[in-house]
Amino acid sequence: MENKRALLKRRIIQLAVIVLVILLGAVMFVVGKEHTILLDNKSIESGGVTYNAFQVVEVQVDGRDKLELGPRDRDKEVVMGQRHKVTVTYFDKYYEEHVVVKKFKVPISQKMVLISLPAVAAELDQSVWLTNYEAPTLLNIPKDEEPIVSDDLIPLDF
Amino acid sequence: MSELRETKGEKFFNIIEKNAVSILFLIICAVGIAFSGYSLGYLGQEIITRVARNSFLIISLLIPIMAGMGLNFGMTLGAMAGQIGLIFISDWGIAGIPGMVLAMIISTPISALLGWLCGKILNMAKGREMVTSYIIGFFINGIYQLIVLYGMGPVIPIKDPALVLPRGYGIRNTVNLIGIRRALDDVLAIRVFGLSVPLMTFIVIALLCLFMVWFKKSKLGQDMRAVGQDMEVARAAGIRVEHTRIVSIVISTILAGYGMIIYLQNMGTLNTYNSHMQIGMFSIAALLVGGASVNRASIGNVFLGVTLFHLMFIVSPMAGKNLIGQAQLGEFFRVFVSYGVITLALVLYEIRKRRSRTRAGRLLAQDQLDAIKEEQ
């Protein structure tokens with residue numbers, strides 16, 4: 001009886017350790033998952049309104065080094081984990097500095113997301129400025145070429 | 001029993017013989033350093049990097065030696081398990097320390113299973129553990145290649161095209177571990193006298209050393225030592241000999257898996273089909289160079305061995321180039337020395353074993369002679 005109880009206790013401890021290790025693995029998976037954040041300074045249209053690309057914009061992800069983007073520039077940051085912060089710094093046509101900070105969460109299954117900087121600056125809904133992005137591969141290259149968009153740039157567009 | 005009287009010459013010869021491999025390496029390294037022309041700063045930096053990179057793997061060899069199972073050539077099984085963990089985290093895109101921890105978690109059950117299998121087989125081949133574990137390494141390598149070359153892709157889902165061969169299945173020869181490259185080394189990297197020291201890696205190694213010291217004193221550690229000294233006496237004392245031997249191999253294999261992950265995070269690249277095979281040979285050679293033998297090894301042997309062995313690795317190509325004009329000669333030399341040192345250590349072990357048997361006989365004879373003299 002005593003032996004059986006000791007054996008049961010041992011089995012329970014072993015099971016608990018296995019469950020703990022699996023949980024630790026799951027946490028590591030979520031915390032360590034890499035995501036690519038594409039930072040896009042292109043004009044964007046939403047709700048019939050066009051938000052123009054910046055002449056020069058500074059963007060920072062999670063307090064890393066600032067990236068400076070020109071019109072139609074796209075850069076990337078590779079980050080770990082799901083919750084991040086993007087800081088967009090730009091000057092308006094009166095050379096007044098504006099800083100917009102947005103927090104967002106990247107879905108665990110998503111390898112790449114695209115952030116539209118003009119949409120962030122315009123403080124649009126997150127679904128507009130944060131979109132999932134599938135990198136084109138040989139299998140899913142778009143058949144038609146994207147139309148060339150000429151940007152009307154701010155702040156030089158007085 | 002009285003002490004066998006030894007002449008000073010015999011004592012000196014015994015010391016030389018006991019440390020023959022280390023002394024030989026000291027001489028090789030001294031000559032190599034002189035001819036290589038490398039600065040002390042460069043050599044120091046290289047040694048620090050290599051000690052941090054290899055020590056964990058070599059420490060994993062200590063437990064089977066304690067249990068009297070000799071040098072665990074089966075550590076390659078753990079290395080393969082570690083590599084499988086790394087392939088998975090690379091595919092899933094898990095980076096940094098979490099990636100390393102996840103790779104270790106994945107490798108643990110695989111290492112434990114392979115270690116258990118290896119231990120079971122070694123129990124059937126008592127007295128021939130080293131050659132058996134060596135061959136098991138080749139056998140499991142075949143299965144590893146089958147899984148990695150044909151299973152990964154169609155059976156085991158691997159989605160990242162950077163990992164999969166262009167034909168659509170199987171893992172590429174080289175896997176880029178950029179996500180975890182120097183993840184542990186860079187956590188607490190400090191500079192001492194202009195040399196970069198990966199402090200966190202050394203802390204992990206120190207923790208493993210503490211674990212080894214504690215383990216030796218634990219009940220299981222004492223059982224292993226008893227089994228290592230005499231299996232029959234241990235059995236008579238109520239120790240489960242076979243079980244203890246299996247546990248020693250399982251622990252060694254799991255630690256080898258972790259060691260391989262630490263090794264590869266430093267390298268930053270995984271040579272899918274070769275890394276594990278090389279590592280077994282080099283780790284064992286390094287331990288032997290440190291003065292360990294088939295039945296006796298300590299933490300001190302690990303650090304002395306990895307320092308001397310890798311010092312030879314660093315200086316030999318340049319020394320070869322400066323001496324003969326061909327760096328390739330140094331390359332051949334270091335491979336030749338790796339195998340040579342294992343052979344030399346095994347031969348010396350056998351000679352020592354025979355000599356100790358003779359010595360025991362002489363001791364007995366001397367005791368009997370002393371007893372007769374006392375009676376007279």
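**A tour of charged pairs and the nonpolar core**

Begin by selecting Arg74(A), which is partly exposed at a relative accessible area of 37% (buried means under 20%, exposed over 50%, and partly exposed in between, with a 1.4 Å probe and protein chains only). The model is predicted, so that local features need pLDDT of at least 70 and side-chain atom pairs count only at pLDDT 80 or more, while totals for chains, interfaces and linings use all residues. Residues are numbered from 1 along each chain as its sequence is written, chains are lettered from A and ligands numbered from 1 in the order in which they are written, and side-chain values use heavy atoms, leaving out hydrogens and water.

Asp40(A), at 6% relative accessibility, counts as buried.

Move to chain B and select Lys219(B) and Asp223(B), whose side chains meet in a salt bridge of 2.7 Å, N to O. Both lie in helix α9 (residues 219–229) of chain B, and because they are four residues apart, about one helical turn separates them. Lys219(B) is exposed at 60%, whereas Asp223(B) is buried at 12%.

Next, select Arg53(B) in helix α3 (residues 40–59) of chain B. Arg53(B) is buried yet has no salt bridge, and the nearest side chain of opposite charge, Glu46(B), is 5.9 Å away (Lys and Arg count as positive, Asp and Glu as negative, and His and the chain ends are not counted). Its side chain does join that of Asn266(B) in a polar contact of 2.6 Å (a pair of N or O atoms within 3.5 Å; within protein, one must be able to donate a hydrogen and the other to accept it, and residues adjacent in sequence count only if both atoms are side-chain atoms).

Finally, colour the largest nonpolar core, which has 96 residues, among which Phe25(B), Leu71(B), Ile171(B) and Leu287(B) touch the most other members (a core is a set of buried Ala, Val, Leu, Ile, Met, Phe, Trp, Tyr and Cys residues joined through side-chain atoms within 4.5 Å). Helix α11 (residues 241–267) of chain B gives the most to this core, with ten residues.

Notes
Helix = DSSP H or I, 4+ residues; strand = E, 2+ residues; numbered from the N terminus. Salt bridge = Lys/Arg side-chain N within 4 Å of Asp/Glu carboxyl O.
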